[in-house]
Every structure is written in structure tokens, then in C-alpha cells.
Amino acid sequence: MEKILVSACLAGVPCRYDGRAKTAEAVAGLVAEGLGVVVCPEGAGGLPTPRPPAEIVGGDGADVLDGRARVVDATGADRTEAFLDGARQALAAAEAAGARRALLMARSPSCGCGRVYDGTFTGESRPGDGVTAALLRRAGIAVEAV
């Protein structure tokens, strides 16, 4: 069976910015079956858990990859490099496992697919992908938000 890259928080790992998981039973089931490749791009990029929430300012993940937008946390600290490093590590994990699909955390500045928070820290979202989702798409990996 084909391996699938999955957001660690969806697999039950308490790695979200708030120190919690957002377990999705279907994702946890894939991991239990040995099919899920678990990754937390933000943790892989060196960010602690818990941590201040972060949002993409000035665009979406594709814009961050192209240097047109930044990832900033709620304290105003620029976390772009950590998000880029984590995205590269997630892609490496997917490639090492032969994963061609990813099930990712919705609206996350790393893993969001199709919609991300808009950079205002008001809970509003806009169309676009997170940094990791955008990098995975560029590599030909199908991404889906859970």
C-alpha cells in the first residue's frame, strides 16, 4: 500500500501551536496501519510546542516560497525561515517514503490546503496554501485538508 504524509497533530501528536492535537480518527487509523508518515513541519523547523500562533502576511505559502510573503507570529517575530525549513523536511520525508499524497491540517500556515488564515490574527481566512502544502504541490504531491 502507498504511504501518505500526514500532519502529526491529525495523527494525535500534541504539537499544535497551543500544545494540543487535533486528532482525526481516519488519519490516526492510517498511522496505526503503518501507512501514515507523520510530520509536524513547524516542530521540524525548530519551533517549540506550545508557541505563539503564526500566520502568513502578504500572501500565501506559494508567496512565502517565492520570497513575496513572510510568516509572522502573534508577537511580531518573523518565523519564515523555520516554516521554510520545516516544509523542506516534510517534503524530504514524503520523498523518502514514496508518498504521493498528503493529508494536512486545515488553515494552518504550514499545512493549510486551499485556505489559510489571512495574516490579521482575527480568525479570518483567505484562499491559498500553507508553506508546506505549497512546497508539496510544487513537487507533485497531492494535498488535502482534513
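Student: Why is R107 called partly exposed?

Tutor: R107 has a relative accessibility of 35%. Buried means under 20% relative accessible area, exposed means over 50%, and partly exposed lies in between, with a 1.4 Å probe and protein chains only. R107, at 35%, therefore counts as partly exposed. The model is predicted: local features need pLDDT of at least 70, side-chain atom pairs count only at pLDDT 80 or more, and totals for chains, interfaces and linings use all residues. Residues are numbered from 1 along each chain as its sequence is written, and side-chain values use heavy atoms, leaving out hydrogens and water.

Student: What is noted about the phi of R107?

Tutor: Phi is near 65 degrees, a positive value in a residue other than glycine. R107 sits in the loop between β5 and β6 (115-117); strands are DSSP runs of E, at least two residues, and helices are runs of H or I, at least four, numbered from the N terminus.

Student: What makes F121 partly exposed?

Tutor: The relative accessible area of F121 is 32%, so F121 is partly exposed. F121 also has a positive phi, about 60 degrees, although it is not a glycine.

Student: How do you know that the peptide bond joining T49 and P50 is cis or trans?

Tutor: Omega is about -5 degrees, and the bond is cis. P50 belongs to the loop between α2 (41-44) and β3.

Student: Which residues touch the most other members of the largest nonpolar core?

Tutor: They are L5, L104, V131 and L136, in a core of 41 residues. Such a core is a set of buried Ala, Val, Leu, Ile, Met, Phe, Trp, Tyr and Cys residues joined through side-chain atoms within 4.5 Å. The largest share, 7 residues, comes from α4.
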